Amino acid sequence: MNVLKHILLGSVVICGFASATLAQDKMTVGFSQVGSESGWRAAETAVTRQEAEKRGVDLKFADAQQKQENQIKAIRGFIAQGVDAILLAPVVATGWNDVLAEAKDAEIPVVLLDRGIDAPEDLYLAAVASDQVKEGAVAGKWLVDNVGSKACNVVELEGTVGSSPAINRKKGFDDTVGATSNIKVIASQTGDFTRSKGKEVMESFIKAHNGGKDICALYAHNDDMAVGAIQAIKDAGLKPGTDILVVSIDGVPDIFQAIANGEANATVELTPNMAGPAFDALEAYKKDKTVAQKSIVTESKLFTASDDPKGQYEARKGLGY
Amino acid sequence: MSPRLWPLAATLSIFLIAYAVCVWQFPNMWSTRVLGNFLTDNAFLGIVAVGMTFVILSGGIDLSVGSVIAFTGVLLAILITRYNVHPLIAFTLALALAAAFGALMGAMIHYMNVPSFIVTLAGMFLARGAASVLTRDSIPINHEFYSTVTSLSYRLPGGGRLSVIGLIMVAVFVVGTILAHRTRFGSYVFALGGNATSANLLGVPAARTTILIYALSSFLAGLSGIVFSLYTSAGYPLAAVGVELDTIAAVVIGGTLLSGGSGFIIGTFVGVMIQGLIQTYIVFDGTLSSWWTKIVIGGLLFVFIVLQRLLVYASKRRWRKTPAIQIGNMPEVA
């Protein structure tokens with residue numbers, strides 16, 4: 001036991017010296033991720049690692065496997081380790097006060113990624129998230145700009161009933177096209193955010209509207225449903241992208257392939273790069289101890305055939321979508 | 001050294017060596033912060049592991065504890081947030097309910113002669129199902145009492161904190177140690193696990209002891225649920241999924257014989273700390289997948305199962321040499 005104690009003490013002393021002599025300019029950031037339950041989540045993790053590497057940030061990654069207790073443990077671990085900042089993608093909205101207060105005591109700034117929490121605002125530095133209403137509005141605006149003044153009947157594939165992206169993406173789109181007199185949403189049903197449901201519902205839309213001849217455009221709340229619907233349009237003997245315009249949201253690799261093939265027209269990206277703006281905020285905070293905005297909204301960028309869809313597909317396919 | 005002590009010694013050595021290696025690689029792991037976190041972050045696991053140690057010592061298993069933790073959390077959240085019940089009254093209710101639930105399972109195991117595995121499996125589904133029926137979402141608990149308790153902590157030099165829930169766990173281990181190794185109830189538990197038939201012949205009250213063991217385990221699961229709700233300030237029906245298995249792993253790694261009759265409460269403490277150490281190491285490293293926790297725990301379990309078999313052989317050989325044995329001290333009397 002004595003020998004062990006000596007080894008232990010010895011290693012503490014040696015490592016203490018070693019770490020003291022290391023340069024301190026490289027930022028160390030701990031990232032507590034929810035898990036890897038969806039393709040987008042996996043892409044977010046991959047992009048965060050890339051961003052960290054690009055900026056010379058030493059990223060400590062902890063996957064919580066969908067459990068809040070694991071996230072709290074990871075944050076405490078990061079604090080004990082003395083990281084310079086913490087990124088948190090919270091699994092639930094409640095129960096963060098104590099651990100965030102501990103981080104604040106230790107003067108470690110915390111940035112929230114893609115989901116909000118029920119905690120006093122002074123417990124975190126900033127929150128990065130997308131604006132789902134704006135995503136729907138950008139998709140709507142693309143349609144308005146492209147249809148011009150001719151009449152256009154739109155069918156809409158909604159996300160899971162009651163989910164916040166489904167509600168917000170519908171609102172943004174409806175408000176935008178509702179302002180025109182020539183574009184009308186003639187049918188709207190849930191496709192549950194899945195490819196197979198998207199195909200099924202589109203088949204019924206086509207049947208109900210004169211074999212699809214009365215449909216001018218499809219708006220899907222996510223790319224997966226659009227990809228399913230494209231198949232249904234092809235099966236009905238119509239040309240997706242020409243006979244029926246296709247616009248959707250997310251920016252997954254498969255939709256870029258469809259755009260490259262001329263089978264889809266536009267997608268609004270839900271960027272997996274939440275960490276980029278977070279690192280920007282942290283760097284700014286490190287320099288002058290303030291943040292410009294508490295709530296950082298990511299860009300909802302529109303991609304069409306003129307935005308090199310092939311290149312976009314190549315860049316995304318390895319991210320884990 | 002008595003062969004009985006081998007597993008404990010092995011666990012302790014593994015912990016100390018592993019910790020030394022961790023500190024060698026990450027000097028910051030040698031800090032009061034990390035030590036304080038070990039207690040706070042593993043409080044719910046440690047408390048429930050004490051109850052599980054009693055169950056395993058008696059030769060049984062309790063699969064219901066994770067669900068009881070979740071149910072307790074949800075019950076507390078509903079009582080406190082929706083019905084404005086004072087937390088202390090809610091705690092009393094929850095603990096009483098948990099203990100009664102455990103006693104019921106114990107009675108079924110004894111009187112109906114059903115394996116504990118089956119009865120507690122039913123208990124696990126029942127408690128998890130009941131929690132999910134009460135609510136599907138995470139219910140926040142915003143009571144003054146909660147914020148007071150969670151903000152109370154003793155600051156150690158170096159920034160570490162001794163939290164209330166960490167201290168509750170330590171207290172449970174102290175009481176558990178006394179109960180197991182210094183009381184009549186404790187010796188009954190060891191006797192039941194050693195050999196139920198000879199325990200009966202020796203006059204051990206099997207029915208009462210069995211019921212008490214499972215009541216204790218569920219009571220501690222309820223206490224662990226309280227600690228968990230303090231830890232997250234919320235009740236969530238999907239909380240603590242799989243904790244029963246982490247707990248069993250901690251008990252076995254802590255040197256308690258899975259077939260019952262031999263072990264130490266303090267070994268379980270070290271078993272819990274080993275799990276905490278692995279998780280902390282993974283966070284400090286920051287590049288390893290968190291699933292390595294499971295891989296290392298799995299590997300350790302294999303090692304300890306082999307060690308236990310060796311121990312059984314060794315003690316059998318010993319028994320032949322020295323027939324004068326004490327019930328309760330032998331690892332396994334086949």
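In chain A, the centres of domain 1 and domain 2 lie 33 Å apart, taken over C-alpha atoms. The model is predicted, so local features need pLDDT of at least 70, side-chain atom pairs count only at pLDDT 80 or more, and totals for chains, interfaces and linings use all residues. Residues are numbered from 1 along each chain as its sequence is written, chains are lettered from A and ligands numbered from 1 in the order in which they are written, and side-chain values use heavy atoms, leaving out hydrogens and water.

**Chain A overall**

- The secondary structure of chain A comes to eleven helices and twelve strands. Helices (H or I, at least four residues) and strands (E, at least two) are DSSP runs, numbered from the N terminus.
- A box of roughly 85 × 35 × 35 Å, taken along the principal axes, holds the C-alpha atoms of chain A.
- Of the 321 residues in chain A, 53% are buried. Buried means under 20% relative accessible area, exposed means over 50%, and partly exposed lies in between (1.4 Å probe, protein chains only).
- Among contacts in chain A with a separation of 6 or more, 74% come from residues 24 or more positions apart. Contact means heavy atoms within 4.5 Å.

**The two domains**

- Domain 1 of chain A covers 25–130 + 272–290, and domain 2 covers 132–270 + 305–319. These bounds come from an automatic or database domain assignment.
- Nine residues of domain 1 of chain A are in contact with five residues of domain 2 of chain A.
- About 530 Å² is buried between domain 1 and domain 2 of chain A, and carbon and sulfur atoms give 62% of that area. Buried area is the accessible area (1.4 Å probe) that two parts lose on being put together, summed over both.
- Trp40(A), Ser130(A) and Pro272(A) supply 63% of the area that domain 1 of chain A buries against domain 2 of chain A, more than any other three residues.

**The sheet**

- Six strands of chain A form an open sheet in the order 7-6-8-9-10-12, with mixed pairing. Two strands pair if DSSP finds at least two bridges between them.
- Strand 7 and strand 12 (302–304) of chain A stand at the edges with a single partner strand each, so one side of each has no neighbour in the sheet.
- From one strand to the next, the twist averages 20 degrees. Axes are lines fitted to C-alpha atoms, for helices over the stretch in contact, and angles run from 0 to 180 degrees between N-to-C directions.
- Helix 8 (residues 223–235) of chain A packs on the sheet and touches strand 6, strand 8, strand 9 (245–250) and strand 10 (266–269). Its direction makes about 155 degrees with that of strand 9 of chain A.
- Helix 9 (residues 253–260) of chain A lies across strand 9, strand 10 and strand 12, running at about 150 degrees to strand 10.

**Strand 6 and its partners**

- Six of the seven residues of strand 6 (residues 152–158) of chain A are buried, so this strand is largely enclosed by the rest of the structure.
- Strand 6 runs parallel to strand 7 (residues 183–190) of chain A, and seven bridges join them. Cys152(A) has Ile183(A) as its bridge partner in strand 7.
- Strand 6 also runs parallel to strand 8 (residues 217–220) of chain A, with four bridges between them. Val154(A) stands opposite Ala217(A) in strand 8.

**Two buried residues**

- Ala187(A) sits in strand 7 of chain A. Its relative accessibility is 12%, so Ala187(A) counts as buried.
- Not counting residues up to four places away in sequence, Ala187(A) touches Val154(A), Val155(A), Glu156(A), Phe205(A) and His209(A).
- Ser300(A) is in the loop between strand 11 (295–297) and strand 12 of chain A. Its relative accessibility is 8%, so Ser300(A) counts as buried.

**Chain A against chain B**

- The contact takes 34 residues from chain A and 38 residues from chain B.
- The area buried between chain A and chain B is about 3,200 Å², and carbon and sulfur atoms give 57% of it.
- Gln65(A), Glu69(A) and Lys73(A) supply 17% of the area that chain A buries against chain B, more than any other three residues.
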